[in-house]
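Good morning, and thank you for joining.

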Amino acid sequence: MRLTPSAAVLASLATLTSLAPLAACAKPPVPLSAADATLLERPVDGYGDLVFRGTVAAGTEKYAVERRVKEDGANYIATEVYLPSAEAKCTPSLEKSCRKAGTPTIVQQATHGHDGTLVRFEEIHDQTGIATVVEARSDGTYAMTRRHGTETSTDTFRAGDPLVTGPTLASYVRGHLRQIRTGGVFPVRLLVPDLGRTYDFSIHSDNGPSGTTTVAIEPTGSFTGFPTLRIDFESRADNPIAFHGRLPVRSATNGTVDGDATYTYSVPLYR
């Protein structure tokens with residue numbers, strides 16, 4: 001007698017197969033190297049002018065986020081720092097060590113053009129113990145160096161669709177918002193520093209609340225386990241005011257989390 005798998009079984013197998021690359025690429029958390037821990041503890045005020053402060057909600061866990069920007073010729077140096085919320089208690093199993101108050105859990109810094117073109121990206125992640133640096137080359141490729149604790153690895157990303165990540169994602173979308181509102185679709189590669197990989201996404205308009213423009217950033221390659229990301233822009237000044245989807249912070253079990261971030265501005269315009 002021949003048995004035919006049910007649709008539910010086939011769907012489950014397909015999901016498990018598609019998630020395998022994520023599981024295979026993920027590295028177990030380790031403490032940051034002493035040098036990277038020192039970089040993490042740089043004063044937040046030194047990253048430039050405050051653009052916004054926000055609240056990040058990932059399930060029952062709360063974080064604060066700040067975006068600060070400096071100008072560097074024709075480029076911006078944008079830094080986004082994620083800090084435990086004021087009421088959060090130090091959890092050594094999550095933070096790896098109880099750092100002094102005001103020390104970020106994650107620092108993401110990107111040098112980028114006014115249209116969001118990525119020049120250089122650096123992330124120091126206390127929850128994973130991974131520090132990542134990605135730099136553009138003159139031939140259109142990007143060189144990546146990752147430090148996982150005391151181990152170092154390198155890789156190269158091919159030239160192709162624009163590379164976006166962390167502080168440059170909303171900048172890139174905002175730079176193309178007029179075309180997106182009229183139906184434009186923009187392919188991009190999203191860099192996921194934890195995994196040291198890029199994934200293909202497509203940016204397009206989505207339905208949003210009255211007075212806002214919601215933009216969807218949707219996976220387009222083989223299924224990666226990522227949800228569709230969404231950014232809400234208020235329509236008057238085109239400032240991003242909320243983000244929905246996969247967050248850079250980790251849960252108490254060090255798992256990836258989806259959630260929401262909302263922003264309150266200290267300046268009239270996003271940059």
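Which residues does I203 touch, not counting residues up to four places away in sequence? They are Y172, V173, I180, G184, V185, F186, V188, V215, A216 and I217, where contact means heavy atoms within 4.5 Å.

Please note that this is a predicted model: local features need pLDDT of at least 70, side-chain atom pairs count only at pLDDT 80 or more, and totals for chains, interfaces and linings use all residues. Residues are numbered from 1 along each chain as its sequence is written, and side-chain values use heavy atoms, with hydrogens and water left out.

The largest nonpolar core has 39 residues, and I203 is among the six that touch the most other members, the others being L169, V173, F201, F243 and V249. Apart from this core lies another, of 10 residues, including L32 and A131. A nonpolar core here is a set of buried Ala, Val, Leu, Ile, Met, Phe, Trp, Tyr and Cys residues joined through side-chain atoms within 4.5 Å.

Let us turn to S202, in strand β11, residues 197-206; strands are DSSP runs of E, at least two residues, numbered from the N terminus. S202 counts as buried at 14% relative accessibility, the cut-off being under 20% relative accessible area with a 1.4 Å probe, protein chains only. Its contacts beyond four places in sequence include V185, F186, A216 and I217.

Finally, I124 lies in strand β5, residues 118-125, and is buried, with a relative accessible area of 1%. Among the residues that I124 touches are L32 and A131. I124 and L32 are 92 residues apart in sequence, yet their C-alpha atoms are 8.4 Å apart in space.

How values were computed. Helix = DSSP H or I, 4+ residues; strand = E, 2+ residues; numbered from the N terminus. Buried < 20%, exposed > 50% of the residue type's maximum accessible area, 1.4 Å probe, protein only.
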